[in-house]
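Here are a few quick notes to read alongside the model. Have a look at the structure first, then work through the points.

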Amino acid sequence: MTVIDLAAWVRAFAALVEENAAELTALDAAIGDADHGTNMQRGMAAAVAALDDSATDAPGEVSKQTALVLIRTIGGASGPLYGTFFLRFAGAIENGSELTDFVRAFRAGLDGVIARGKADVEDKTMVDALSPAADALDKAVAVGATPAEALNAAVAAAESGRDATTPLIARKGRASYLGERSAGHQDPGATSAALLVRAAREALR
Ligand code: ADP
Ligand code: MG
C-alpha cells in the first residue's frame, strides 16, 4: 500500500497500546471490568507476532490476518469489534494504494463495527472515535487534502470524539449496566480507537 503501510499501522497500534495499556485498563476499571488494556495488549502482541511470521505484505492479507488474530485472542467485546474492523477493512482495501482506497476501507471497517455492535454515535463506545475520524477522512478527500492533512484531521476528530465520551451515559457494552453512573468517565474503547487512528498517521509513507 502506497499511502499507509498496513504492517506499519498494525505495529504502531501495538506500540501505542503497549504504551497506554495501564490507562486503558484504568478507564475500564471505572466503568467496566478492568481488562481493556490487557485485552488489547494480548491481541496486538499476537497480531505483531503473526506479522513477524508471515511472508505477505499485501494490504488485504495483512489486515485479514490481523482481524483473525484479534478475534481469536481477545476474549472481550473489543476483540470481535476490532476484528470486524480489520476484516471489513481488508475486504474493501484489496490492493488499493491511494488515500481514497484507505478512506473507503476505513469507512467499511467502521460500518462493520456498527453492524456487529449496533452502537450509534453517542452510545459511549469506540464508534464515538471511529465515526468522526471516518467523516474527517471523507471531508479531506472531498477537498483534495494530502494524505498527511487527511490523517491529521482524522486524529484530531478521533481525539475530540474520544474526549466527548466523558459526559455520556453508556448505552452499549458492559458500561451500560452502570446507567447514569457511567457518566463522568472517558470510554476505554474510544480511547484505544483514537490510538488506532494515531497509529495510521504514524504509518504514512
Ligand atoms: P469487555 O467489555 O468485554 O470487557 P473490553 O473491555 O476489551 O471488552 O472493551 C470495552 C470497550 O468495547 C468499550 O469501552 C466500548 O468502547 C467497546 N464496546 C463495547 N460494546 C460495544 C458495542 N456494542 N459497539 C461498539 N463498541 C463497543
Ligand atoms: Mg472490559
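Predicted model: local features only at pLDDT ≥ 70, side-chain atom pairs only at ≥ 80, totals over all residues.

1. By class, how many nonpolar, polar and charged residues does the lining of the largest pocket have? There are 11 nonpolar, 10 polar and 8 charged residues, where Ala, Val, Leu, Ile, Met, Phe, Trp, Tyr, Cys and Pro count as nonpolar, Asp, Glu, Lys and Arg as charged, and the others, Gly among them, as polar.

2. Residues are numbered from 1 along each chain, chains are lettered from A and ligands numbered from 1 as written, and side-chain values use heavy atoms, without hydrogens or water.

3. The pocket's volume is about 580 Å³. Ala 77, Ser 78, Leu 81, Gly 173 and Arg 174 are the closest to its centre among 29 lining residues. (On a 1 Å grid over the protein atoms alone, a pocket is an open set of points where a 1.4 Å probe fits, with protein on both sides within 12 Å along at least five of seven lines; lining residues have an atom within 4 Å of a point.)

4. Ligand 1 sits in this largest pocket, meaning more than half of its atoms lie within 2 Å of the grid points. Around ligand 1 are 20 residues, each with a heavy atom within 4 Å.

5. Now the polar contacts (pairs of N or O atoms within 3.5 Å). A backbone N or O atom of Gly 117 is 2.9 Å from a ligand 1 nitrogen. Ligand 1 oxygen atoms lie 3.0 Å from a polar backbone atom of Met 126 and 3.2 Å from a side-chain N or O atom of Arg 174.

Methods: Polar contact = N/O pair within 3.5 Å; in protein donor to acceptor, adjacent residues only side chain to side chain. Points joined across faces, edges and corners; volume = space filled by probe spheres on them.
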